[in-house]
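Hi,

Here is the structure I promised to pass on to you. Have a look at it first, and then read my notes below.

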Amino acid sequence: MDIQIQKSSIDNILKEIEITGSKSESNRLLLLQALYPEISIDNLSNSDDSVLMQKALESKDSAIDIHHAGTAMRFLTAYFSIQDNREVVITGSSRMKERPIKILVDALKGLGADIGYLENEGFPPLKIKGKKLSNNKVTLKANVSSQYISALLLIASRLNNGMELVLEGKITSVPYIKMTLSLLDELGIQTEFKDNTIKVKSKDAKLQLQRFTVESDWSSASYFYSVVALSAIGTQIKLRSYKSNSLQGDSVLSAIYKQFGVETTFENNSITLHKSSIINSQSRIELDLSNAPDIAQTISVTAFGLGLECNLIGLHTLKIKETDRLVALKTELEKLGAQVAITDKALQLKPATHIKGDISIATYNDHRMAMAFAPLGLKTSIIIENADVVSKSYPQFWEDFKAIGFIIK
Ligand SMILES: O=C(O)C1=C[C@@H](OP(=O)(O)O)[C@@H](O)[C@H](O)C1
Ligand SMILES: C=C(OP(=O)(O)O)C(=O)O
């Protein structure tokens, strides 16, 4: 379903939105809950990816289809590798079959796992024969996706001798690794991350009953940051339920969006975003997003909407996400009149003086393409193709967008 967003504006009355739980925290906690049933989880994400993760963990089938859910694919590969005497085929969407998994599979095989490729070497679908893993030390490349590392860490405490991971190369998406380690620490699983080595102690005993409340999703909050940045001075939106000491790396939004004139106030488990200043059109946005890749699309579109120059680096993981996000961003921003240059890891946007109207934005089965471009409805009338892709991480997105004042047909 395509939708049309008419040129809209947000009034000055404070709007409040409750955003679903973090997809990253939820998918980790679901896997940990399968390993340690003493865990209970509040404010679980209602995203497609978390629903698919939960169903896969509950399923007794020998065939699992994880659709577009990358973290779920990687985490479940590790999980099924240690399910003794169970054989599973895990597959996904056609895009999932193009998203590399060899680094993780090689690491698991190094630990003793039995995993085979059913189509192309290095890519899903995989056939996994679960067994007890005999080794505990493995070396892997850390500059392609942190999801491989988190997948290993999540099962590490269930191995007889724990796990020692030696990470090669520049470690990417580090906050996601730290999130995994923090959750293990909260469970009383001992971990150590020093230089390029991570150690996790084995924990076979039962845990004390543990109740976790998932913080709301910061990547989803980015679209409201963009809305406030593109709105008039005085515009405010309140988002629940967030905290200042987040486990999510995308909470860096509160610092980044100051450059777009948006101030963030933390109070009683919520954040209020407030457009407090107009940004000089000569200013330039320069960011390294290797620790926060999921907000690259939002930031590029905000900068374009404000007519600012923007240079983003550290984008090397974007090519293997739901789509090649670098190419998708360039193609769709240029339809609107932008001038964009990309490499395999960087994006440069020239300051724009005009935004074309009634342009139809393709979304490439990527939720973040749909949500990142939507705030441009404050500047022009825009069409978002296959708008229901948002359900991958944020099923209520369009309802919430209407609730803050967007006119959607
Ligand atoms: O571990 C996680 O929950 C995630 C890690 C990141 O992936 P990469 O490490 O591949 O960049 C991020 O892009 C993804 O949306 C979620
Ligand atoms: C990259 C993402 O998800 P995944 O890798 O889990 O498919 C995302 O949500 O932006």
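This is a predicted model: local features need pLDDT of at least 70, side-chain atom pairs count only at pLDDT 80 or more; totals for chains, interfaces and linings use all residues.

Residues are numbered from 1 along each chain as its sequence is written, while chains are lettered from A and ligands numbered from 1 in the order in which they are written.

Lys 23 sits in helix α1 (residues 23-35); helices (H or I, at least four residues) and strands (E, at least two) are DSSP runs, numbered from the N terminus. Leaving out residues up to four places away in sequence, Lys 23 touches several residues, among them Ser 45, Asp 49 and Ser 393 (contact means C-beta atoms, placed from the backbone, within 7 Å).

An unreviewed UniProt entry lists Lys 23 under "binding site", and also Gln 147; its positions follow the numbering used here, feature names are shortened, and annotations may be inferred rather than shown by experiment.

Gln 147 belongs to helix α5 (residues 146-156) and is buried too, with 27 C-beta neighbours inside 10 Å. Beyond four places in sequence, Gln 147 touches Gly 70, Thr 71 and Arg 74.

Finally, there is an open sheet of four strands in the order β8-β9-β11-β10, with mixed pairing (strands pair if DSSP finds at least two bridges between them). Its edge strands are β8 (137-141) and β10 (191-194).

Enjoy exploring!

Methods
Two residues are in contact if their C-beta atoms, placed from the backbone, lie within 7 Å. A residue is buried if 20 or more other C-beta atoms lie within 10 Å of its own, exposed if 12 or fewer, and partly exposed in between; C-beta atoms are placed from the backbone.
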